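Please open the model in a viewer and keep the selection tool at hand.

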Amino acid sequence: MVNSNTQGDAANPMGMDGIEFVEFASTEPVRLGRHLEALGFSAVARHRSKNVLLYRQGSINFIVNGEEVGHAHQYAQQQGSGICAVAFRVRDAALATRYANERGGWEVDSAPGVMELRIPAFQGVGGSLIYLVDRYQDHSIYDVDFVWLTGAEAGQAPPLLNAVDQLVQRVQLGRLKEWQDFYAHLFGFRAYPQSVAGESLIESPCGKVRIRLETAVGERGEGGREGLHAVRLLAPDLPAAAAELARRGVRLGESLTPDAYAPRVLHTLHEPGLVQFEMASQAD
């Protein structure tokens, strides 16, 4: 551990400090990797013993898990390409784990391999996992579990996308408040005061993690499948990013009207059968 060993204060009981990575499970990991590269990401490290790649752009870490066994494989087989895990940065993973257990969190065995770090994990929405990571400064988890690819980040152009703005989670009809309470109870998230019918935006006490909870509705109007559905990314120069992504063949959805939580222009970055991404202008 390289961070403060003091537990979070009352307002930030888990000592949260942002998102370390988002992990994707896919039955088509190579295709997903190519899509990420089209979005400006680069593969910078490979897992020492697994078919897992780390993609990076700006402060964003995305992990593409192409293993044919384990949690990510099972997730992909059941739900297709999707977000199978998210890692929250915390000041002290041991203390945060103990706090989550005391609050009724459902800890699961992350099943580390030989010579791998054991990263605490808790059950999230739709079979996904929530990891707690306290190695994210000088000596990170990637220095232990991954091998850096030579020259991967050398001479990179300025990022088109530089941060995760929101995770988008779909919830079943009538369960919006239940999931608000889940994140508030375990992690201290707070809901934005603005309200939109069928959705809610919640923010971590550190102010670095936002999750948009939206009601999932199936084709016949019934409650749809719950899960982490999309990632909204920030572009420091949205018009330039949109033009460059279009030049690369990325399908940009029509410009959406600004949401109720931030007056910013939005685009969807669509590739059929893969994870959904959204792109937003940097907050003023």
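Two strands are counted as paired if DSSP finds at least two bridges between them. The model shown here is a predicted one, and that definition opens the first stop.

Select strand S1, residues 16–25, together with strand S5, residues 82–90; seven bridges link them in the antiparallel sense. Within this pair, Met16 lies opposite Val90 of S5.

**The nonpolar cores**

Select Phe62, Phe187 and Phe277, the residues with the most contacts inside the largest nonpolar core, which has 55 residues. Helix H5, residues 176–187, supplies the largest share of this core, namely five residues. At least three residues of the core come from each of domain 1 (4–148) and domain 2 (163–281).

Centre the view on Phe277. Beyond its neighbours within four places in sequence, Phe277 is in contact with several residues, among them Phe24, His35, Phe62, Val231 and Leu269. A second, separate core has 23 residues, including Ala45, Leu54, Val108 and Leu129.

**Strand S16 and its partners**

Select strand S16, residues 266–270, where four of the five residues are buried. Strand S15 (residues 251–252) runs antiparallel to S16 and is joined to it by two bridges; here Leu252 has Leu269 as its bridge partner. Strand S17, residues 276–281, is also antiparallel to S16, with four bridges between them, and Leu266 stands opposite Ala280 in S17. S16 and S17 form a hairpin with five residues between them. In the turn, select Gly273, whose phi is positive at about 85°.

Finally, select Cys84 and Cys206. Is each of them buried or partly exposed? Cys84 is buried, with a relative accessible area of 0%, whereas Cys206 is partly exposed at 22% relative accessibility. The structure holds zero disulfides.

How values were computed. Residues are numbered from 1 along each chain as its sequence is written. This is a predicted model: local features need pLDDT of at least 70, side-chain atom pairs count only at pLDDT 80 or more; totals for chains, interfaces and linings use all residues. Side-chain values use heavy atoms; hydrogens and water are left out. A disulfide is a pair of cysteine sulfur atoms within 2.5 Å. Buried means under 20% relative accessible area, exposed over 50%, partly exposed in between (1.4 Å probe, protein chains only). A nonpolar core is a set of buried Ala, Val, Leu, Ile, Met, Phe, Trp, Tyr and Cys residues joined through side-chain atoms within 4.5 Å. Domain bounds come from an automatic or database domain assignment. Contact means heavy atoms within 4.5 Å.
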